[in-house]
Amino acid sequence: MPGGRTLAGQTRLPIWSERILVVLPKDHPLLARNVIYWTDLLNETVLLSQRDPGSDIKELLVSKLVANERRPKIERHDVSRGIIKSLVSLGLGISLVLEADVGANFTGVVYREIQDGSGPSRMGFNAYWRKDNENPALTRFLDLLAERYPSPASTAEG
């Protein structure tokens, strides 16, 4: 799952992370910038899907701009991320996606990496399980994850 919240009684294993990208219409003024920062999104309309990872991206966007009165207008739509990209191509706003979303080509949109003061912004993905789960299949699955994603997540957090 995306994000990093661990509930009481759960254990978390960070697995991987992906860069967050801004989806812009092909004629958007931000395309003139070499680097796009979170604060560049002020006064923009940000279109997000209500499906995953839309909620986590919304929380991250709000947290990055929490102190600013000119927060972007966030519109949540109960449609696929592909439809969101189509809306962006029509000039109805911009969007935020994870780098795995770039696979499909959409005419009329351009992807740019978004950064904060320390470099590219990333969203982490984690495996979660109950601490009292003694299922041997879980142990084998966690061993497989640790083998497949050895770094930086070589130990579980709890």
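Rings of Phe, Tyr and Trp, taking the six-membered ring for Trp, count as a pair if their centres lie within 6.5 Å. Keep that in mind for the close-ups below, which show a predicted model.

**Figure 1. Two aromatic rings, Trp16 and Phe125, sit stacked on each other.** Two things describe a pair of aromatic rings: the distance of the centres and the angle of the planes. Go by the rule above and you get 1 aromatic pair in this model. Here the centres of the Trp16 and Phe125 rings are 5.0 Å apart and the planes meet at 15°. Planes under 30 degrees apart count as stacked, so that's the label this pair gets. Trp16 belongs to strand S1 (residues 10-25) and Phe125 to strand S8 (residues 122-130), so the pair links distant parts of the chain, 109 residues apart.

Figure 2. Phe125 comes in at 14% relative accessible area, and under 20% means buried, so Phe125 is buried.

**Figure 3. Arg19 and Glu99 join up in a salt bridge.** Side chains of opposite charge can pair when their charged atoms come close. For Arg19 and Glu99, the N to O distance is 3.2 Å. Arg19 lies in strand S1, while Glu99 is in the loop between strand S5 (95-98) and strand S6 (109-116). That puts the two 80 residues apart, so this is another link between distant parts of the chain. Arg19 is partly exposed, at 26% relative accessibility, and Glu99 is partly exposed too, with a relative accessible area of 26%.

**Figure 4. Glu113 also forms a salt bridge with Arg19.** The closest N and O atoms of Glu113 and Arg19 are 2.8 Å apart. Glu113 has a relative accessible area of 24%, so it's partly exposed.

**Figure 5. Which residues are linked in a network of salt bridges?** They are Arg19, Glu99, Glu113 and Arg122.

**Figure 6. Glu75 and Lys73 form a salt bridge.** The closest N and O atoms in this one are 3.3 Å apart. Glu75 counts as partly exposed, at 24% relative accessibility. How many salt bridges are there in the count? There are 7, with Glu75 and Lys73 being one of them.

Technical notes. Residues numbered from 1 in each chain as written. Predicted model: local features only at pLDDT ≥ 70, side-chain atom pairs only at ≥ 80, totals over all residues. Heavy atoms only, no water. Phe/Tyr/Trp six-rings, centres within 6.5 Å; stacked < 30°, edge-to-face > 60°. Helix = DSSP H or I, 4+ residues; strand = E, 2+ residues; numbered from the N terminus. Buried < 20%, exposed > 50% of the residue type's maximum accessible area, 1.4 Å probe, protein only. Salt bridge = Lys/Arg side-chain N within 4 Å of Asp/Glu carboxyl O.
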